[in-house]
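Please look over the sequence and the structure shown here before reading on. The paragraphs below go through a few places in turn.

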Amino acid sequence: MRASALGSLVILALIAGGCATKSPTDATAQRRAIDPDSVPDAVPRVEPYSRYGNPPSYEVFGKRYAVLPSSKDFVQVGVASWYGEDFHGKRASNGETYDMFAMTAAHKELPLPTYARVTNLENGRSIVVRITDRGPFVGDRVIDLSWVAAAKLRLANKGTGLVEVRAIDPLDPSPLPPAELDTGTRLAKAEPPAPKPAATGRAAVARAVAGEPAADGRSASKAEPALGVVAAKPNGSPTTAPAASSRTAARAPAPAARTATSALASASPRMFVQVAALASRENADRLRTKVAKDLGRPAHVDASETNGRALHRVRVGPLRSADEADLLVAKLESLGLGQARVVMD
C-alpha cells in the first residue's frame, strides 16, 4: 500500500476512534509499574452482542471476513500476538475504549463480545479474556491480546507465541473437551460459505474503517455481498455497524519489518505454511516442485482422506517461528499463491 493511501486510512481511523484518553508515554510508564499477574482474568457473564463490530462480513486489506453467528464450541490453535501503546485509549471495534491493561483481545471472526480461555501451548499458562476488537490482520495470526494478557501468558517480551483459543459459554463455563487438530486453525463446527469476489476498492475499505456510509448510501459493511453468516443479537436482529477498529489501518501487513520472534520448534503442535489442498496427487506434486524451486527450500505433500475423498496438502515446514511463517506467506503471495496460510499439525 502506498504511504499516502495508508496515511488516509490512518486519518480516517483516528477520526472514527476519537482522541486517545492517555498518551503512549503515560501508558509506557504505567506498564513499567504494573504487575501483570496481579490483574484478574475477565469474568464471563451473559451480555448481548455489541451494537458495533458485528456486521455479517467485512473487508480489510482486500480480504473478506465473516463474523460467526455464535461462539459455541469454538476452538482454535494458532499464533497469538499483542497490541499496546499505539492503540491504548483509542476506540475498539465494539465501541468501547481499548485499555492495554485490561484482559481483552481482538479476533477476526468471533462475535463481540466473546469470552475465551487462551492457553500458551509452550508453557501451559492460561488466562480468560473478553474479546472486544477486530484483528489481527497480519501474517495469519489468530488472536491479538492486550499487553497485560500477553504479559500474563509470558508472550509480551517475545511478541508472539503458539496458543489455543477456546470460547467460553457464560451459562456453561466448563471447559470443552480436547479437539483433534485439523489442517487449518479454526475448529468451529460449521464453515462459512466461500466469499464472493470483492468489488470494493481502497476507498470503500477506508469508509469501513471510519464507519462512513458507502457511495451508494448503504453502510460500508453491507456494500458487498454477505457471506451468508449473520451475527445476530439475542433478539435475532443483525447488527450492521463496521467491524474494523482504529488500529486496522495502522497495521498494514509488513512481515519483513517485524522483529519479534517466537521459538516454536519444540512446541506441539508444529507449524507449517500450507500452500494448497488439492484432490489430484499429480497436481500436488507439480505444485510442490514449483514451490521448492521458487523458495529454495523443501516442500512436501501430505495425503489424507476427508469424507471419502483424497486430499493432498502442499506444505512447507515445520517452521521455527511465526516470523518465518509470515515471510513465507508474503513470498508465496508475491509468487501468485495468495491462498497460502499458516496451519498447525
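Helices and strands are runs assigned by DSSP and numbered from the N terminus, a helix having at least four residues and a strand at least two. The model is predicted. Between strand 3 (75-83) and strand 4 (104-106) lies a loop, and Ser 93 has its place in that loop. Is Ser 93 buried or exposed? Buried means under 20% relative accessible area; Ser 93 has a relative accessibility of 0% and therefore counts as buried. The side chain of Ser 93 makes a polar contact of 2.8 Å with the side chain of Asp 133. The Ser 93 side chain also reaches the backbone nitrogen of Arg 134, at 3.1 Å.

Another place to look is the hairpin of strand 1 and strand 2. Strand 1 (residues 57-60) and strand 2 (residues 63-66) run antiparallel and are joined by 4 bridges. Opposite Ser 57 stands Ala 66 of strand 2. The hairpin has 2 residues between the strands, and Phe 61 takes a positive phi near 55 degrees.

The last stop is a pair of helices. Two packed helices are described by the angle between their axes and the distance between the axes. Helix 6 (residues 281-295) packs with helix 7 (residues 322-334) at an angle of about 110 degrees, and their axes are 11 Å apart. Angles of 65 to 115 degrees count as roughly perpendicular, and helix 6 and helix 7 are therefore roughly perpendicular to each other. Helix 6 makes the contact through Val 291, Asp 294 and Leu 295, and helix 7 through Leu 328, Lys 331 and Leu 332. By class, this contact has 4 nonpolar and 2 charged residues, and no polar ones.

Methods:
Residues numbered from 1 in each chain as written. Predicted model: local features only at pLDDT ≥ 70, side-chain atom pairs only at ≥ 80, totals over all residues. Heavy atoms only, no water. Pairing = 2+ DSSP bridges. Axes fitted to C-alpha atoms, helices over the stretch in contact; angles between N-to-C directions. Parallel < 35°, antiparallel > 145°, perpendicular 65-115°, else oblique. Contact = heavy atoms within 4.5 Å. Nonpolar A, V, L, I, M, F, W, Y, C, P; charged D, E, K, R; others polar. Buried < 20%, exposed > 50% of the residue type's maximum accessible area, 1.4 Å probe, protein only. Polar contact = N/O pair within 3.5 Å; in protein donor to acceptor, adjacent residues only side chain to side chain.
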